[in-house]
Amino acid sequence: MKQLLAISLYPLVVGGAVVMAWQLLYRLQLPLASILAPLGLAFLVVGLMERLLPYRAAWNVPRDDVATDAAYIGVNLALRELVNAGAKLGLLALVAALGLQAPGGRYWPVDWHPLAQLALALLVFDFFEYWFHRAAHRWPWLWRFHAIHHSPTRLYFFNAARFHFVDWIALSLIEVAILFAMGADPRVIAIAVVFIQSHGLFQHSNIDVRMGPLNYLLSGPQLHRWHHSRLIRESDTNFGNNVIVWDLLFGTFYLPRDRQVGVLGLLNPDFPQTFLGQLKAAFAPRPLDKPADYHGREAQYEAAIEAENATLG
């Protein structure tokens, strides 16, 4: 039974959420319910399954992080809605100021089935998110913000929204503005939001999910855990937020078959763990993600992490 759940849980819940959103939008024309109902159900199922089918039992024990993650959820979800509205209004204002016509589907296959449009949408905006995400790991001024997403020392569904608001706004703009500028139906964007959020819950969940062949299509939990490894050579992989296609094409796909992920988080054990502390850390005079003596001692720190990984079994 557990093996069957491990294989079927992700496609049933995420696929079910997308189909529910599609039906509520296109058949029943209930836009608010089309987002709240499937995401509410996904939230409940994932939260329950973390207790029944955990990937790592120790990750179910709070580490003074629940209040921090709750704050990120409240603030960032509100910001997402503001960005959604602002991006659309801003693009319309730009079109009007330039004396142009709104795209109206000229650059988007509006006659495709909504679920086919969703697949295309994920490929399109994840291409841009892939390069933004990769840049955030390379450019120090972007990493200051993105480091917050790598600060948890455990993964569970509640920290899927742990992003500095600068990072979160940038990702939301990429998702919404590109599709809207290309003329995608707002209903398709709404379905994409349902996929992104329900997929994100699984991506960070503490559930022993087995993705199988889907690991070569979607950036699910088995792949994303390695992206949160404390070892930099492992966390600098699997940059896809939703699909993994671009990692496969550009050589950043990583999925060891002979072991499980080790310790997670940033190198600096003193990195702030409170909501306000992390927001301020991005603007600190000296980057706080690594200990002050890290440079020049990289090998020693890596050896210490490997030793700690060995104790996890």
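Biologist: In this predicted model, which helix holds Leu142?
Modeller: The model is predicted. Leu142 sits in a helix that covers residues 140-146. That helix is α5.

Biologist: Is Leu142 buried or exposed?
Modeller: Look at the relative accessible area of Leu142, which is 11%. Buried means under 20%. Leu142 has 11%, so Leu142 is buried.

Biologist: Which residues does Leu142 contact, leaving aside neighbours within four places in sequence?
Modeller: Contact means heavy atoms within 4.5 Å. Set aside the neighbours within four places in sequence, and the contacts of Leu142 are Phe132, Ala135 and Ala136.

Biologist: How far apart in space are Leu142 and Tyr10?
Modeller: In sequence, Leu142 and Tyr10 are 132 residues apart. In space, take the distance from C-alpha to C-alpha. For Leu142 and Tyr10 it is 31 Å.

Biologist: Tyr10 also belongs to the largest nonpolar core. Which helix gives the most to this core?
Modeller: The largest nonpolar core has 51 residues. Tyr10, Phe125, Phe195, Phe202 and Ile207 touch the most other members. Helices α1, α2, α4, α6 and α7 each supply at least two residues of this core. The one that gives the most, with 10 residues, is α1.

Biologist: Which residues does Phe195 touch, not counting residues up to four places away in sequence?
Modeller: Phe195 is among the core residues that touch the most other members. Leave out residues up to four places away in sequence, and Phe195 touches Tyr10, Val14, Val18, Leu118, Leu122, Gly200, Leu218 and Asn242.

Biologist: Are α1 and α4 oblique or roughly parallel to each other?
Modeller: Two packed helices are described by the angle and the distance between their axes. Here α1 and α4 have axes 11 Å apart, at an angle of about 125°. Roughly perpendicular ends at 115 degrees, and roughly antiparallel means over 145. The two helices α1 and α4 are therefore oblique.

Biologist: Where α1 and α4 meet, which residues of α4 take part?
Modeller: The crossing of α1 and α4 is right-handed. From α1 come Val18, Trp22 and Tyr26. In α4 they meet Pro114, Leu115 and Leu118.

Biologist: Is His224 buried or exposed?
Modeller: His224 lies in helix α8, residues 221-227. The relative accessible area of His224 is 2%. The limit for buried is under 20%, so with 2% His224 is buried.

Biologist: Which side chain makes a polar contact with the side chain of His224?
Modeller: Not counting residues up to four places away in sequence, His224 touches His149, Gln203, His204 and Ser219. One of these makes a polar contact, side chain to side chain, at 3.3 Å. The partner is His204.

How values were computed
Residues are numbered from 1 along each chain as its sequence is written. This is a predicted model: local features need pLDDT of at least 70, side-chain atom pairs count only at pLDDT 80 or more; totals for chains, interfaces and linings use all residues. Side-chain values use heavy atoms; hydrogens and water are left out. Helices (H or I, at least four residues) and strands (E, at least two) are DSSP runs, numbered from the N terminus. Buried means under 20% relative accessible area, exposed over 50%, partly exposed in between (1.4 Å probe, protein chains only). A polar contact is a pair of N or O atoms within 3.5 Å; within protein, one must be able to donate a hydrogen and the other to accept it, and residues adjacent in sequence count only if both atoms are side-chain atoms. A nonpolar core is a set of buried Ala, Val, Leu, Ile, Met, Phe, Trp, Tyr and Cys residues joined through side-chain atoms within 4.5 Å. Axes are lines fitted to C-alpha atoms, for helices over the stretch in contact, and angles run from 0 to 180 degrees between N-to-C directions. Angles under 35 degrees count as roughly parallel, over 145 as roughly antiparallel, 65 to 115 as roughly perpendicular and the rest as oblique. A crossing is left-handed if the near helix is turned anticlockwise from the far one by less than a right angle, and right-handed if clockwise.
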